[in-house]
Every structure is written in C-alpha cells, then in structure tokens.
Amino acid sequence: TRHVALIPAAGVGARMAAGSPKQYLPIGAKPMLRHTVDAFLSSPLIAHTYVVVSADDPFIDAVLPDASDGASRVTVLRCGGATRMESIRNGLHAVRAALADTDHVLVHDAARPGLNAALIERLITETGDHPAGGLLALPVVDTVKRRGDDGIATVDRANLWLAQTPQMFTYALLCRALDAATDPAAITDDASAVQALGLAPRLVEGHPRNLKVTLPSDIRIAEMYLAADAS
Ligand code: C5P
C-alpha cells in the first residue's frame, strides 16, 4: 500500500493576530507551510502530498516547490471548508479517483512545521497495518489538575498523552470515520472520529519539535528546531 500526506491548510489562524494566515508566516527563511510540505518531500516513504487551501487563497502558489525540487509530488486542492474537519473531508473526496481504499493517508496540520522524515518513518513503522491506524503523541510530563464544582483534583498523568499529527489511517477508514461524525466542533482531531467508531488507534511517541504553532512565541521555538537542522 502507498502512503500519502494530506495537509489541511485552510485556516485563518485567528489566535495568531497576524496579517496573513499563520501557515504563511515566515519561520527562518521559509513560510511555515513550506517547511511542513518539505518534511513530507524529504521522506522516501511518502508517495504524494496533497495540500487543502481555501478556494480564494492568494498565497499558496508562491509557496510551493517548483519543478526542480519536488513540485510533481505535491498537489494543491482548493476545496477548504469552514472547519478543519470539513477541509479534510473535502480533500479526501477530491482525491477519490487517485487513491485505493487500502492506501494510508497521513493527515498533518500545516501549523506543525517541525515534523521531519524520522518522525514520519516512526509513525509509519510503528503503526504498520494496525486496523485502527495510529498517531504521533507526547506523554504528559506536567502534573495535571482538573477543576470541578467542588475544587480541583490531580489527574494521574501516567496514561495521558497529548495528540500530535500526523495521524495515519487507511483511506477507507478515514472517510468512514469523518462521514459518520455528526458534530464537527467536538471532533478536534481525526483519531477522535475513528475512536467514535469504537476503534483504538495506536499511540506512537512523537517529539516536542513537532509542536503546533498557535501563539506568536511558538514561532521562535519552531525556528530554533529548524535552524538546528540546517546547521
Ligand atoms: O487553527 P488550528 O491550528 O487548530 O488549525 C489546525 C489545522 O487545520 C491548520 O493547518 C489549519 O490551516 C487547518 N484548517 C483548515 N480549515 C479550516 C480550519 C483549519 O484546513 N476551516
């Protein structure tokens, strides 16, 4: 089976308070989304990368690689939706003819530019053909509190993980899970939609460098990891 990447990049990045959508903000020498796409282009295990943007996105063409550095392995899908989940669902339908049900789709947020080939390989190798797929995630290191009506409780962190992306499922399973999801707002990642079918995706240890850039200060952290790679 083949492995392809699907990057939802149709968000507006409201929490970043910047002039352009956050996936286009510079991180070092390149826009965030270009780092994210280049991570997949650098992996020999990824056959093709699809990027979902909104129909009127004016930035994407200037950001993608040209023919000399991998353009033939990237396709832009101008079918973004109102939510992350809708963007992914639209993207999956758009590539229907190009993929087999058994092909694996790695869904990865544009806002995680620190991904690299080693993490992609770990996810693919450790998930293998697990019927429920798998995702990168980080064990929780902080002590965790839950606030309730009558005070706070300390939650045992031993079994707690923070979900990252990529999250990998067969094309057929991902379509089935997202089509079955009735409340897009409650589904904040693809694994949640698969879990709602009663399945348990495999947790594969990710890395702090694969942080989601959400606040302006996160840009500096991502820059630090990516600059260390280049030196
Ligand atoms: O805003 P947040 O960081 O949670 O978005 C996660 C990912 O989903 C980003 O890559 C963003 O571009 C994408 N997204 C999308 N379509 C939307 C909203 C978000 O593709 N309508």
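Biologist: What does Ala94 count as, with 16 C-beta neighbours inside 10 Å?

Modeller: First, a heads-up: this is a predicted model, where local features need pLDDT of at least 70 and side-chain atom pairs count only at pLDDT 80 or more, while totals for chains, interfaces and linings use all residues. Residues are numbered from 1 along each chain as its sequence is written. Buried takes 20 or more other C-beta atoms within 10 Å of the residue's own, exposed takes 12 or fewer, and partly exposed is in between, with C-beta atoms placed from the backbone. Ala94 has 16 of those neighbours, so it counts as partly exposed.

Biologist: Which residues is Ala94 in contact with, leaving aside its neighbours within four places in sequence?

Modeller: Ala94 sits in helix H3 (helices are DSSP runs of H or I with at least four residues, strands are E runs of at least two, and both are numbered from the N terminus). A contact here means two C-beta atoms, placed from the backbone, within 7 Å. With the sequence neighbours set aside, the partners of Ala94 are Leu77 and Cys79.

Biologist: Which residues in H5 do Met85, Ile88, Arg89 and Leu92 in H3 meet?

Modeller: H3 covers residues 84-94, and its axis comes within 10 Å of that of H5. On the H5 side, the residues met are Leu174, Cys175 and Leu178.

Biologist: How do the residues of that contact of H3 with H5 divide?

Modeller: Ala, Val, Leu, Ile, Met, Phe, Trp, Tyr, Cys and Pro count as nonpolar, Asp, Glu, Lys and Arg as charged, and the others, Gly among them, as polar. For H3 with H5, that gives six nonpolar, no polar and one charged.

Biologist: And how are H3 and H5 set to each other?

Modeller: Their axes, lines fitted to C-alpha atoms over the stretch in contact, with angles running from 0 to 180 degrees between N-to-C directions, cross at roughly 135 degrees. Under 35 degrees is roughly parallel, over 145 roughly antiparallel, 65 to 115 roughly perpendicular, and the rest oblique. H3 and H5 are therefore oblique.

Biologist: Is Ile187 buried or exposed?

Modeller: Ile187 is in the loop between H5 and H6, and beyond its neighbours within four places in sequence it is in contact with Met85, Ala181, Ser192 and Ala193. It has 20 C-beta neighbours inside 10 Å, so Ile187 counts as buried.

Biologist: How many of the 10 residues of helix H1 are buried?

Modeller: Among the buried ones in H1 are Met32, Arg34, Asp38 and Phe40. H1 spans residues 32-41 and is largely enclosed by the rest of the structure, because the buried count is nine.

Biologist: Which peptide bond is cis, with omega near 5 degrees?

Modeller: Look in strand E10, residues 161-170, where Pro166 lies. The cis bond is the one from Thr165 to Pro166.
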